[in-house]
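Subject: Structure for your review

Dear colleague,

Please find below the structure that I am handing over to you. My notes on what was found in it follow directly after.

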2 protein chains.
Amino acid sequence: MQIATPYLMFLGDVPDTLAAKTAYGINDWRPEWCVGQLRMEGCAADLGIPDLTLTQAVGRGCRTMVIGVANAGGVLPEHWVAEIVAGLEAGLDVASGLHVRLGSIPAIAEAAERTGRALHDVRHSSETFPTGKGTKRPGLRLLTVGTDCSVGKKYTALALEKGMRARGLDADFRATGQTGVFISGRGVAIDAVVADFISGAVEWVSPAADPRHWDLIEGQGSLFHPSFAGVSLGLLHGAQADAFVVCHEPTRTRMRGVEARLPTIQQVIDLTVQLGRLTNPDIRPVGIAVNTQGLPEPRARALLEEAVAAHGLPATDPVRFGVEGILDRLAAEFPA
Amino acid sequence: MQIATPYLMFLGDVPDTLAAKTAYGINDWRPEWCVGQLRMEGCAADLGIPDLTLTQAVGRGCRTMVIGVANAGGVLPEHWVAEIVAGLEAGLDVASGLHVRLGSIPAIAEAAERTGRALHDVRHSSETFPTGKGTKRPGLRLLTVGTDCSVGKKYTALALEKGMRARGLDADFRATGQTGVFISGRGVAIDAVVADFISGAVEWVSPAADPRHWDLIEGQGSLFHPSFAGVSLGLLHGAQADAFVVCHEPTRTRMRGVEARLPTIQQVIDLTVQLGRLTNPDIRPVGIAVNTQGLPEPRARALLEEAVAAHGLPATDPVRFGVEGILDRLAAEFPA
């Protein structure tokens, strides 16, 4: 999938910033591609980049309108359709990370046909996958896992890629979600793959590689989330992870969208090792990534020190304090 | 999904009987619907029902040609297309359990359009599912789980439905695979659902019910299968099983289609309880179903006695020896 850049970020009228996390993620990791944002009345998200009309966006060189929002169930609200049609008429392609296909909405399909613009559904892949084989393939792989959804798994994998490359290591971020695909320009939204092919798609996303090459695979969901644990397990098995980092959001008390309680970091470590051994008997934890965004710095540092003491692993907030400790641990555990 | 009966069973030229297990399953549980079979040169499967030409099938009242075969990856072989087109031209609807949609093959789509016949893709659902919630709902549920794929999970659930109904209990088989959908005329092929909605689809398949009603939910795959464990886990979480039966095939040494070793029955019991507790803390095993088809009767009976002694659970071959022992155990564990 090739998406033309730069982007106009469409935020609709989402009720909170978490619903626009795709847009925030793209803007954080590819700010040079995010020329401006288009927000509807009542929108509670703000990327802090210029608000542009469609005409202004085209004038500044935008080539694709990115539907950078996710909502439960992946439905496209009725009242966004007219804006998307107007975007196509203004000369922009449209790329969406929603479950629903843009082309399944008649007004959008008709406008794309009429204007000759492209529609990209980042959550859908035209690739056909084999079922997973579970046979160990060469190359090193690190998977980010979590105590819940939306706890920083993508950020952590991207930060590790950046840090490894800065050290001169051969490393690639491997996207498994729509935001990651927008950021890396390739990959598969694993939660939209047909269930039989989850682990097979991950084997495809992270193919056999040089024995010293690192793939940094973006995790999804949580083994403890009643909605999505199946996706997380298929991803773990397909990744055949040599190493994993546990991602955590310390202010959350319930799992996102359901009544279930959050597991502890130790429960996630234990279950990931237990279940991951099916396809990689040597799987091991190499760090903890805590999203401390909601905490003052002294409290954040104290919490990370507690995590180091409790688990014997480097613990950091990748966004706030970097990932050098985890990279040092990886270098020690997997000497060249 | 409503499929017109009776059926002409199309077996193609599959290389072994296991590849035609859908057709065998339909014929075993709905023999009154299976009027005849259509086999191509080299076909190694045989349902033991009349071989019919298309003209003969139509003459005997057949209304739907059932593609009763499954192959790895779900692809439709090129050389079956002409037979399917001929079936449509003879006046039959066509129903398929393959992953590939019949309508995605131009020659078939064109013939269906031209003849006005219906195409059914049993593995695909037009239903939109919410994501799973994990909140406990009323009604009793039994899930069949397995040490591997194709070990008798559907047969066991169907045998339990039949046995419970014979005892006057309120019980329904809930299909989660293509054969089950052909047999029960409803349900969802869970392995073809988009990954994010696995547990949500199971919550839909087995909705809230009377507190004394039993749903007998057909399991899929195995928590220990590197290709499909994600599907099995989402199914377990969505089922919120009160009780489960472990299904096993004792002559197998490797898991179907991969190099992984078979888990033990005890490993399956332990992991099912451990992971199932996320959505039902009271989940418990109530029996073991062993497919002893390949064993002489004395060996089969000895093996079942060993399983009873080792696990303290009723053990049977549902096809050969019935399921009364498991039903007695259920009656004792869940008194009305």
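Which residues are buried in helix 7 of chain A? In this predicted model, they are A:Ile198, A:Ser199, A:Gly200, A:Ala201, A:Val202, A:Glu203 and A:Val205. Because seven of the eight residues of helix 7 of chain A are buried, this helix is largely enclosed by the rest of the structure. Its buried residues pack against strand 7 (171-174) and helix 8 of chain A, and also against helix 7 (198-205) of chain B.

The relation between the two chains may be described next.

As to the interface itself, 38 residues of chain A are in contact with 38 residues of chain B. The size of an interface is often given as the accessible area lost when the parts come together. Here chain A and chain B bury about 2,800 Å² between them, and 59% of this lies on carbon and sulfur atoms. Three residues, A:Ala195, A:Asp196 and A:Pro226, supply 19% of the area that chain A buries against chain B, which is more than any other three residues.

Polar contact, by comparison, is counted for 13 residue pairs between chain A and chain B, with both residues at pLDDT 80 or more. On the side of chain A that touches chain B, helix 7 (198-205), helix 8 (229-239) and helix 9 (265-276) of chain A each supply at least two residues. The largest share of that side, six residues, comes from helix 8 of chain A.

Finally, I turn to the nonpolar cores. The largest nonpolar core has 88 residues, and those that touch the most other members are A:Leu143, A:Ile190, A:Leu275, B:Leu143, B:Ile190 and B:Leu275. Leaving aside residues up to four places away in sequence, A:Ile190 touches A:Thr176, A:Ile198, A:Ala201, A:Val202, A:Gln220, A:Val231, A:Leu235 and B:Ala195. Another core, of 70 residues, lies apart from the largest one, and A:Met9, A:Cys43, A:Ala45 and A:Leu52 are among its residues.

Yours sincerely

Terms used. Residues are numbered from 1 along each chain as its sequence is written. Chains are lettered from A and ligands numbered from 1 in the order in which they are written. This is a predicted model: local features need pLDDT of at least 70, side-chain atom pairs count only at pLDDT 80 or more; totals for chains, interfaces and linings use all residues. Side-chain values use heavy atoms; hydrogens and water are left out. A nonpolar core is a set of buried Ala, Val, Leu, Ile, Met, Phe, Trp, Tyr and Cys residues joined through side-chain atoms within 4.5 Å. Buried means under 20% relative accessible area, exposed over 50%, partly exposed in between (1.4 Å probe, protein chains only). Contact means heavy atoms within 4.5 Å. Buried area is the accessible area (1.4 Å probe) that two parts lose on being put together, summed over both. A polar contact is a pair of N or O atoms within 3.5 Å; within protein, one must be able to donate a hydrogen and the other to accept it, and residues adjacent in sequence count only if both atoms are side-chain atoms. Helices (H or I, at least four residues) and strands (E, at least two) are DSSP runs, numbered from the N terminus.
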